[in-house]
Amino acid sequence: MSARLISISESASTSFLNQSQLVSCSSSASLLVFFILKTFITSSPPRENSFVTVKGKLLFYFLFSIVCVDFWLYVQLLLNRNHGFTNVITQLRKNHITYYWNCNDIVIFSTMPSDSMDDIELKNIQMQMASSRSLSRDDPTIEEIRVETDRGCLMVAVQGSRNKPAILTYHDLGLNYISCFQAFFNFSEMRALLENFCVYHVNAPGQEEGATPLPEDYEYPTMDELAAQLNFVLSHFGLRTVIGLGVGAGGNVLARFALGHPDKVEALCLINVVSTQAGWIEWGYQKLNARYLKSKGMTQGVLDYLMWHHFGRGTEERNHDLVQVYRSYFERCVQPGNLARFIDSYIRRTDLNMTRCTDANRKEGLTLAMPVMNITGSLSPHVDDTVTLNSRLDPTNSSWMKISDCGMVLEEQPSKISEALRLFLQGLGYDWWLYNMQNENNINMEIIYKRFLPYVVNPRTHIVWKIMITN
C-alpha cells in the first residue's frame with residue numbers, strides 16, 4: 001500500500017508548493033501511525049474469548065489514525081490561512097474517503113493563477129449603487145425626419161448610413177422606436193448589424209415621444225391605411241426593398257404591407273403578431289382602456305393591461321427593474337389621447353386572410369411569399385396567436401421560435417434574438433464578409449445592394465450571381 005500526492009500546477013507559487021509538501025507529510029504521518037498500530041496489534045497475540053478480534057482492532061485504530069491526522073490538518077489550516085493551502089485542504093477533504101481506502105493514486109487539480117496571491121490585501125469595502133436604467137431620446141447616431149403622407153405626418157428615425165441595406169421597424173401599442181427598439185439595437189452583439197445596415201424606425205401617428213395631442217377632427221388611420229403609409233416612407237428615402245421588423249401591432253401593419261406589396265419586402269421578422277381580428281375579450285378590455293385614456297389619462301388599470309400585454313404575467317418577480325422602467329415611461333412619455341386612437345384602430349383590425357396552401361401552383365396571393373421569422377416569448381400572452389399565424393404561413397420559407405423565460409423578447413432576451421436575426425439575414429444572402437470587401441476591393445456596393453444582393457443565394461429562386469469587382 002502506497003500513497004502519492006500529485007500537484008498539477010506548473011506555475012504555482014513557492015508558498016503553495018510548501019503547503020503541498022505539508023499535506024504530503026500529513027498523509028505520510030497517517031500511514032506511519034497506521035503501520036505502527038498494526039505492528040503493535042499483530043505483535044501481541046489476542047486473548048482467548050475476546051470479543052474484539054485482531055481485524056476489529058486494526059479497523060478501529062485505522063479509523064482513529066484518520067481522525068487524528070484530520071484534526072492535525074485542521075489545526076494547521078487555522079494557523080495558515082493562505083488561499084492556495086485552503087484549496088488543497090478542501091480538495092483533500094472532498095476526496096479523503098478515496099484517499100484512505102484507495103491509496104494507489106491521488107490527484108489534486110489546482111486551478112490557482114500563476115501570480116502569487118500573498119500580496120493581495122482587502123482593506124475596505126465600498127458600496128456603489130448600480131446606474132439606473134432609462135430610455136433616452138438623446139442619441140447622436142439617430143436622425144429624426146418628418147415624412148408627409150396622405151393621412152398625416154409620420155416621424156421616422158434613421159439609424160445608420162443610408163447607402164446600406166434597409167431594415168424597417170414598426171412598434172407595438174404604447175411604445176415607440178425608443179421604448180421598443182433602442183435598447184435592442186444598442187446591444188453589443190447588434191453593433192455589427194448597424195455597421196452593415198441602415199435602420200428606419202417608423203412611428204405610428206402621434207406615438208412618438210413628446211408628441212402633441214392629435215386634433216379632435218383628425219380621423220386616425222385604419223390598420224390597412226397605416227400599412228399604405230409605408231409607401232410614402234419608402235418613396236421619401238428612395239428605398240426599393242426593405243427587411244421588416246415588427247412587434248405586435250407594428251408587425252400586423254408590416255404583414256399587411258407585405259401582402260399588398262410583396263415585391264418591396266425581402267423578408268419579415270414578426271414578434272408577438274396577431275393575424276386574426278380582435279376577439280370579444282380583447283375588444284372589451286381595449287375599448288375600456290381607450291375610454292379611460294381619453295377621459296382620465298393613464299390610469300392604473302390601463303397601466304396594468306399594457307404591462308401584461310408586453311411582458312405577460314409574473315414580470316415583477318423575474319425582472320423588477322425593467323418593469324419599473326416601463327411603468328415610469330408609460331406614465332411620463334405616452335400621450336394618452338393619441339394612444340387611445342391607436343388602440344381603437346388596432347381593435348377594429350380585419351383578418352389578414354392568409355391561408356397555407358400545399359399546391360405549388362397556387363401559393364401566390366394566399367400567404368406571405370417572402371421568408372418570415374415568427375418569434376414569441378414563452379411567457380407572452382400572444383403565444384397562441386403566433387401559433388395561429390404560423391399555421392397560415394408557407395412552411396418552406398417560414399420558421400417559428402419560442403424564446404424561453406421571457407415575454408418581451410427584445411428586452412429580456414436580446415442575445416438570443418440578435419443571434420437568430422443574424423442567422424436569418426445570412427440565410428437571405430447577407431453575409432458580413434461581403435461588406436468588409438468594400439474597402440479592400442472598391443466594390444460598388446449600391447449596385448450590389450439594389451441589383452445583385454437580393455438574388456445571391458436566394459432560397460426561393462436558388463440563383464447565385466457573380467459579384468464583379470471594379471477597379
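Contact denotes heavy atoms within 4.5 Å. The structure is a predicted model, in which local features need pLDDT of at least 70, side-chain atom pairs count only at pLDDT 80 or more, and totals for chains, interfaces and linings use all residues. Residues are numbered from 1 along each chain as its sequence is written, and side-chain values use heavy atoms, with hydrogens and water left out.

**View 1. Overall chain.** Among contacts between residues at least 6 apart in sequence, 75% join residues at least 24 apart. The protein chain has 18 helices and 10 strands (DSSP runs numbered from the N terminus: helices H or I, at least four residues; strands E, at least two). Of its 471 residues, 47% are buried (under 20% relative accessible area, 1.4 Å probe, protein chains only).

**View 2. Helices α9 and α13.** The axes of α9 (residues 280–295) and α13 (residues 336–347) come within 8 Å and cross at roughly 160 degrees (axes are lines fitted to C-alpha atoms over the stretch in contact, with angles from 0 to 180 degrees between N-to-C directions). The two helices are therefore roughly antiparallel (angles over 145 degrees). Contact residues include Trp283, Ala290 and Leu293 of α9 and Leu339, Ile343 and Ile347 of α13. By class, the contact has 9 nonpolar, 2 polar and 4 charged residues (Ala, Val, Leu, Ile, Met, Phe, Trp, Tyr, Cys and Pro count as nonpolar; Asp, Glu, Lys and Arg as charged; the others, Gly among them, as polar).

**View 3. Helix α14.** Val383, Thr386, Leu389 and Arg392 are buried in α14 (residues 383–392). The buried residues of α14 pack against β8 (265–271), β9 (372–377) and β10 (398–403).

Key:
Parallel < 35°, antiparallel > 145°, perpendicular 65-115°, else oblique. Buried < 20%, exposed > 50% of the residue type's maximum accessible area, 1.4 Å probe, protein only.
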